[in-house]
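Open the model in your viewer and keep the selection tool ready. The stops below go one at a time.

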Amino acid sequence: MDTSPTRLLIHGASGRMGQALLRLAAEQPACTVVAAVTRRAPAQRVVDGVPHFAATELGSVPAFDAAIDFSLPEGFDAVLALCVDRGSPLVSGTTGIDAAQQDALATAATRIPLVWASNFSLGVAVLAELVERAAAALPGWDVDIVESHHVHKKDAPSGTALTLGQAAGSAGQAVRYASLRAGDIVGEHTVQFTGLGERIELTHRATHRDIFARGALHVARSLVGRPPGAYRVRDLLD
């Protein structure tokens, strides 16, 4: 059994998620970051033992077992193409990708294992599964999703709320959404099922943004060695 660390490429390393990934990966013996890629040329070539590369140098990064991408839509195509070219798994949380990029993801999934997700919290992945099961078991009940985030979050409903809505809608339920933007709330999502005389609430509360980086690291390690395909976070919980 191979016990060597998973070699990771972090794409979008200068962003908030990229910085969290670098910090948390350094604390995990099961991971080693072999390349950190930033949009602009790095001020230092090696930081805390991690080689840094500009986005224009992406093709020259060393061998890696999986790439984690939290960048911008304009940088997404290049890292997807690199992973396909090298046959390496891709984990991406880049938001705002267009229809053509979504089609490129679907095509890439025939050649490499990959995950694109709006939320990498393992708890949210479990919540989505519970929502799907509840929706299937409670036909005809009202379904409402209430989500709360910090005042700077612009999209509403959130991507996570929409993902949960898809889970509920898989059983044919009509879903209503309510969004709140207040203070510094990291993220709260409640899915409410209401019938005559009774109500079920399924809630996830995020209290620290590190949960998303930890989840992405878990998913990246879990993808290595799997056959090509488009996976969900919930497919990789074990």
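**Stop one: a threonine side chain**

Select Thr94: its side chain reaches the backbone nitrogen of Ser71 at 2.9 Å. It also makes a polar contact with the side chain of Asp69 (2.7 Å). A polar contact is a pair of N or O atoms within 3.5 Å; within protein, one must be able to donate a hydrogen and the other to accept it, and residues adjacent in sequence count only if both atoms are side-chain atoms.

This is a predicted model: local features need pLDDT of at least 70, side-chain atom pairs count only at pLDDT 80 or more, and totals for chains, interfaces and linings use all residues. Numbering runs from 1 along each chain as its sequence is written, and side-chain values use heavy atoms, without hydrogens and water.

Thr94 lies in the loop between strand S6 (90-92) and helix H3 (99-108). Helices (H or I, at least four residues) and strands (E, at least two) are DSSP runs, numbered from the N terminus. Thr94 has 1% relative accessibility, so it counts as buried (under 20% relative accessible area, 1.4 Å probe, protein chains only).

**Stop two: H6**

Now select residues 210-223, helix H6. Is H6 largely enclosed or open? Of its 14 residues, 11 are buried, so the rest of the structure largely encloses H6. Among the buried ones are Phe212, Leu217, His218 and Leu223. Step just past H6 to Gly225, which takes a positive phi of about 90°.

Definitions and conventions. The expected span of a helix is 1.5 Å times one less than its number of residues. Buried means under 20% relative accessible area, exposed over 50%, partly exposed in between (1.4 Å probe, protein chains only).
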